[in-house]
Amino acid sequence: MIHFISNRTELGSEIDAFVNKATVQDVYDYFRNKPEIQVDTETEGFDPYEDNVLLLQFGDFDNQFVIDTSTVNILNFKDLLEKKDKLYLLQNAKFDLRFFYHQGIWVPRVYDTFLAECILTTGLKNRQLALDALASKYANGKLNKAVRGEIHRGLSVRVINYAAEDVKYLSKIKTGQMAHLVDYGLARREDVNDKYTVLGLENRVVRAFAHMEYNGVGIDQDQWKETSAEIEQEFGYQRDKLDDLVIQSDRLGKFVPSYSQGDLFGFEKRKVTINYNSPQQKVQLLNLLGINVDSSADPILQKYQDRHPIVKELRELNKLSKLSSSFGYSLLEEAYKPQTGRFHPEYWQILQTGRISVKQPNTNQIPARGKFGPLIRKAFVGRPGWKIVGGDYAAMELRELAEFSQDPLWLKIFNEGLDLHTVLCAETFNIPESEVRNPYPKNPAITYRDIQKTINYGLAYGMSSKKLASTMNVPKEEAQKVIDGFFAKVPYVDQKLSKFGKFAMDKGYIKTAPPYGRIRWFPGHEKAWATQDSYTLGKIERAGMNTPIQGTNADITKLAMVNAFEDIEENNYPANIVLSVYDELQTEAEDSFAEEWKIRLEKHLVDAAQIIITSVPVIAECAITDHWDH
DNA sequence: TCCACGGGCGCG
DNA sequence: AAAGCGCGCCCGTGGA
């Protein structure tokens with residue numbers, strides 16, 4: 001039955017006949033002894049700062065309460081939404097939680113049917129994650145999502161019915177999902193919020209992501225514009241420089257129209273026609289210079305940069321072009337929210353490996369290196385009177401490899417606090433540690449240690465001898481000898497990675513480390529075997545090697561987020577998480593609290609990792625600054 | 001003019 | 001770039 005709570009004087013006869021009118025108290029009474037509440041909202045739009053909540057729905061399968069929050073203050077339901085002994089069932093909780101945060105409402109315990117489905121179907125093609133699909137899959141329910149748009153035209157029987165249906169099936173969906181989740185070891189039936197299971201982790205960290213979307217990250221506009229101006233200026237200089245080189249060249253007449261010779265046009269007009277953003281034209285330019293390539297990607301330019309001055313300058317222009325187009329004025333214009341003075345990026349919580357993605361803007365790809373990296377990050381700041389307190393893990397992926405493989409040498413290096421690249425380098429090449437920074441004889445441009453670093457990070461991705469050979473600029477056989485020499489010294493690492501890869505190819509899935517065991521499916525594996533599709537099998541093998549490492553990293557970082565977020569919440573600390581970047585958390589904290597918070601944050605990071613990493617030390621380096629500085 | 005696609009590249 | 005994993009964004013390109 002559908003119950004409707006509204007303070008409108010006139011509902012119209014149709015609605016009058018359709019709904020059972022109820023009061024705020026009725027809702028409280030109904031759910032008093034119920035352990036679960038199914039919750040949803042209908043809003044004017046996507047922005048909790050701008051858009052109102054039009055309807056708030058509570059329900060179970062038998063009864064749904066639809067509240068007209070245009071006339072009934074949503075805060076009447078703050079208490080009902082904050083019961084610590086109840087579980088709140090939502091589809092895509094992140095959306096609703098943002099609107100609740102705006103009202104100062106903190107829903108304590110969530111089961112998210114959307115996230116649960118993501119967890120169950122990670123890696124599968126053509127999966128259906130929307131509520132109507134889940135209702136039909138798990139509860140034989142039929143939802144008419146087409147009605148959603150009608151809500152903006154006002155209340156109607158159809159709209160109220162639609163809103164009620166959105167909270168009708170959530171518990172049945174949960175029951176259906178739980179059977180599979182428990183089966184796969186992804187959840188514990190007794191506690192869907194157990195943060196040491198994948199389901200519990202996601203159900204808890206979604207509260208943190210919702211708050212991060214709502215809270216955003218502070219942006220110093222002036223600082224941003226200053227850096228953008230500098231990028232634009234350098235870009236202009238660099239383009240002029242390149243244009244001149246093109247004009248001077250006797251082989252690039254194709255790009256220099258005849259009218260340029262007489263300088264008939266204004267001085268601000270470019271004298272060459274080439275578009276340096278066009279891969280096609282760049283390849284053409286290289287070909288005309290006698291460099292036979294079919295791609296203009298940077299590794300190729302690097303290889304040929306000594307063949308002609310233009311190549312080196314082109315690389316430099318490409319860098320500046322990227323900075324300008326992706327991280328200059330346009331990003332500020334599109335992502336800055338004047339109302340809060342901040343960016344409010346959106347998070348996608350579960351990718352193939354368990355990592356998150358970020359968009360509008362993608363704060364995971366803000367430049368970190370080069371002259372402009374730190375300058376761009378300098379514009380990411382805390383609230384006035386607050387500091388940025390950030391931390392990241394040191395060599396987390398390589399510590400995971402130690403944990404997984406239990407390789408004696410690898411363990412020893414971390415346990416004795418040695419330099420991994422240096423020690424392994426000396427072993428691989430059979431040279432004393434004092435010589436690892438000497439140039440590699442077959443390619444003096446790089447050192448032995450550079451090669452070792454490439455191997456250490458590349459092996460977890462299934463790097464081939466071909467790729468290493470190209471990095472080392474030596475024949476493939478030479479590279480293969482280096483890899484063989486390396487694996488001979490750390491045989492357990494070799495065996496463990498091969499085992500991951502083989503498991504993925506054979507079983508069609510791979511898991512992250514215990515206690516999580518997050519699953520990634522490889523649906524193409526059977527067909528690939530049947531057709532002897534070695535390309536696809538190779539992809540599965542390499543992804544199978546990498547996913548336990550990358551995914552375990554993600555599990556750990558999410559657990560650290562839960563630890564930090566709930567610490568802030570429970571103690572009402574003046575702090576917020578503002579960025580989550582792979583194995584790094586950036587937070588903001590009130591000046592006077594920053595020192596204490598830094599210590600707590602570091603502990604949250606270390607505690608999280610030590611759930612999984614027990615054989616080697618875990619190091620999280622935290623710092624207090626005025627801006628993002630990493 | 002719009003859209004889909006892919007090259008290319010930013011981060012880890 | 002690629003027989004190195006995982007992403008999102010910008011731009012050029014080519015077809016409708």
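Helices here are DSSP runs of H or I with at least four residues, numbered from the N terminus. By that convention, helix α12 is followed by Gly-290, whose phi is positive, near 90°. The model is predicted, and local features are drawn from residues with pLDDT of at least 70.

**Helix α12**

- Helix α12 spans residues 279-288, and its buried residues are Lys-282, Val-283, Leu-285 and Leu-286.
- Viewed down the axis of α12, these buried residues fall within an arc of 160°, so they line one face of the helix.
- An α-helix has 3.6 residues a turn, so residues three or four places apart point the same way.
- The cover over the buried residues of α12 includes α10 (221-248), α13 (298-304) and α14.

**Nonpolar cores**

- The largest nonpolar core comprises 149 residues, and those with the most contacts inside it are Phe-58, Leu-181, Tyr-393, Trp-410 and Trp-597.
- Helix α25 (residues 534-571) gives the most to this core, contributing 13 residues.
- A second, separate core has 42 residues, including Phe-235, Leu-301, Leu-331 and Ala-335.
- Apart from neighbours within four places in sequence, the residues in contact with Tyr-393 include Ile-556, Thr-557 and Ala-560, as well as Asp-583.
- Further contacts of Tyr-393 include Leu-605, Val-606, Ala-608 and Ala-609, together with Val-618, Ile-619 and Ala-620.

**Surface near DNA strand C**

- Around DNA strand C there are 35 residues, of which Ser-278, Gln-352, Tyr-461, Ser-464 and Arg-520 come nearest.
- The residues of this surface divide into 19 polar, nine nonpolar and seven charged.
- Sugar or phosphate accounts for 73% of the atoms of DNA strand C within 4 Å of the protein, and the rest belong to bases.

**Polar contacts with DNA strand C**

- On the base side, an N or O atom in the side chain of Ser-470 is 2.8 Å from a base nitrogen of DNA strand C.
- Tyr-582 likewise places a polar side-chain atom 2.8 Å from a base nitrogen of DNA strand C.
- The elements that give two or more residues to the surface near DNA strand C are α14 (309-327), β12 (357-359), α20 (448-458), α21 (465-472) and α25.

Note on methods:
Residues are numbered from 1 along each chain as its sequence is written. Chains are lettered from A and ligands numbered from 1 in the order in which they are written. This is a predicted model: local features need pLDDT of at least 70, side-chain atom pairs count only at pLDDT 80 or more; totals for chains, interfaces and linings use all residues. Side-chain values use heavy atoms; hydrogens and water are left out. A nonpolar core is a set of buried Ala, Val, Leu, Ile, Met, Phe, Trp, Tyr and Cys residues joined through side-chain atoms within 4.5 Å. Buried means under 20% relative accessible area, exposed over 50%, partly exposed in between (1.4 Å probe, protein chains only). Contact means heavy atoms within 4.5 Å. A residue is near a molecule or strand if one of its heavy atoms lies within 4 Å of it. A polar contact is a pair of N or O atoms within 3.5 Å; within protein, one must be able to donate a hydrogen and the other to accept it, and residues adjacent in sequence count only if both atoms are side-chain atoms. Ala, Val, Leu, Ile, Met, Phe, Trp, Tyr, Cys and Pro count as nonpolar, Asp, Glu, Lys and Arg as charged, and the others, Gly among them, as polar. The arc is that of the directions from the helix axis to the C-beta atoms.
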